[in-house]
Amino acid sequence: MKTYDSAYFHRWYRDPRTRVTSDRALERKVHLALSAAEYMLGRRLRTVLDVGCGEGRWNVALKRIRPGIGYIGVESSEYAVRTFGASRNVRRGSFGTLKSLKLRGPFDLIVCADVLQYVEAADLQRGLREIRRLLGGVAYIEAYAREDDMVGDMEGWNYRSAATYRRAFKAAGLTHCGLYCFIDADKINAVNALEVCT
């Protein structure tokens, strides 16, 4: 069974020889998600939920831009919760068990980055429905499809097509508004036709 321990996070996120991303790439994603959410809401972000947050890197990057932002991270890794739980507000849970955490929304921004390809089919729709229920602004859901040329941790990877993901998002009531960003169109006022992808 795969273990999300310190060595795992070091290999894929910190070691310059083997990491699959960088602080610079994370910064771009954070700016994108923050800007999209603030644009849709018409105000500054106040609350963020990060599902599958790992070591809480989004917490650190977001608080550099918006120091007072309220952040909750959810992570299945015992190591990450033990090490970063108190300092970065990370609690134990997973995409599939999100509903059992009884989180109180709505959240202005929900982040789920580099997670969905590891989520089993039985948990995919359950987690997406809970994200919609908790969503008050924009969900930044970074998902990689079978058609993508990916490198990195392929252990436990679920090879779903882009069409499968699109159907799952639609079934959960999430509307794509560009670049991994989704909204619940019923909760955002005055969304113009060309601001969403149908």
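A polar contact is a pair of N or O atoms within 3.5 Å; within protein, one must be able to donate a hydrogen and the other to accept it. In this predicted model, the side chains of Glu142 and Tyr140 make such a contact, at 3.2 Å.

**Glu142**

- Glu142 belongs to strand β5, which covers residues 135-142.
- Because its relative accessibility is 2%, Glu142 counts as buried, the cut-off being under 20%.
- Besides the polar contact with Tyr140, the side chain of Glu142 makes a polar contact with the side chain of Lys29, at 2.8 Å.
- When neighbours within four places in sequence are left aside, the residues in contact with Glu142 are Lys29, Cys112, Ala113, Asp114, Val115, Gln117 and Tyr180.

**Helices α5 and α6**

- Two packed helices are described by the angle between their axes and the distance between the axes.
- The crossing in which α5 passes α6 is right-handed.
- On the α5 side, Leu124, Gln125 and Leu128 make the contact, and on the α6 side Ala168, Phe169 and Ala171 do.
- Of the residues in this contact of α5 with α6, five are nonpolar, one is polar and none is charged.

Terms used:
Residues numbered from 1 in each chain as written. Predicted model: local features only at pLDDT ≥ 70, side-chain atom pairs only at ≥ 80, totals over all residues. Heavy atoms only, no water. Left-handed = near helix turned anticlockwise from the far one by under 90°. Helix = DSSP H or I, 4+ residues; strand = E, 2+ residues; numbered from the N terminus. Contact = heavy atoms within 4.5 Å. Nonpolar A, V, L, I, M, F, W, Y, C, P; charged D, E, K, R; others polar. Buried < 20%, exposed > 50% of the residue type's maximum accessible area, 1.4 Å probe, protein only.
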